[in-house]
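Welcome! Here is a short tour for anyone meeting this structure for the first time.

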Amino acid sequence: MTDITVSSIKEVSLRRATVDDAEAIAAVRVESWQATYRGMIPDSYLDEMRVEDSMLKWRQILQAMSQAQDRICVYVAESEGHIIGFASGMMLPEPKLGMQAELTAVYLRPAWQRSGIGRRMVQKVARTLQAQGAESLLVWAISGNSIARNFYEELGGVLLIEQAFSWDGMDLMEVSYGWRDLSVLMASVNAMRTPLSLH
């Protein structure tokens, strides 16, 4: 794959993900984890992550979307035919921490972070869930992930809870942020300047 960077490309499009995007989404997820979670998750775990394993999971999610009728949504950010990020969300079967929907993932290749794309992807997911009746949204992050925490706080997210959790046999700490009114999230995104052309 040709390596493209923010400095060389100024146009990015956001679109709904399809099953054919599963491998690219998995690659973004693995690259993001390996770059972001050093020092928070053991190197051995990160080094053993494989795109093939993540791809199977994402293929199942993307196949299930056609029956979910927007109660599950996944969007990808694409530039020159390359997927550089993705975001996903879902309506919750029952409210959790008082929230009706969840932002389940938002990842960008490291070179594209802090470019405004993540904010627009979150907004796209939130709008889709809002159309399904959601008025509120929550998201989870590893406690030590200050980049993610700052990102959610900049978007008006309020800290809901910090707690221990187990992931693949690892004992970690997680935090949840929430927006009780999705219009606050929308307004926060719209108030920020995005240096790239997004469509």
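## A first look around

L97 is found in the loop that links β3 and β4 (99-108). The model shown here is predicted. At 36% relative accessibility, L97 counts as partly exposed, and its phi is positive, about 55°, although L97 is not a glycine. Most residues other than glycine have a negative phi.

E80 also has a positive phi, near 50°, and is not a glycine either. You will find E80 in the loop between β2 (72-79) and β3 (82-96). With a relative accessible area of 59%, E80 is exposed, because the cut-off for that word is over 50%.

N145 counts as buried because its relative accessibility is 6%, and buried means under 20%. Leaving aside residues up to four places away in sequence, N145 touches T36, Y37 and M40.

| Residue | Relative accessibility | Class |
|---|---|---|
| L97 | 36% | partly exposed |
| E80 | 59% | exposed |
| N145 | 6% | buried |

Stepping back, the chain has six helices and eight strands, running β-α-α-α-β-β-β-α-β-α-β-β-α-β from the N terminus. Its radius of gyration is 16 Å, close to the 16 Å the globule rule gives for 199 residues, so the chain is as compact as a globular protein of that length. Buried residues make up 49% of the 199 residues. Among contacts between residues at least 6 apart in sequence, 69% join residues at least 24 apart.

How values were computed: Residues numbered from 1 in each chain as written. Predicted model: local features only at pLDDT ≥ 70, side-chain atom pairs only at ≥ 80, totals over all residues. Heavy atoms only, no water. Buried < 20%, exposed > 50% of the residue type's maximum accessible area, 1.4 Å probe, protein only. Contact = heavy atoms within 4.5 Å. Helix = DSSP H or I, 4+ residues; strand = E, 2+ residues; numbered from the N terminus. Rg over C-alpha atoms; globule rule 2.2 N^0.38 Å.
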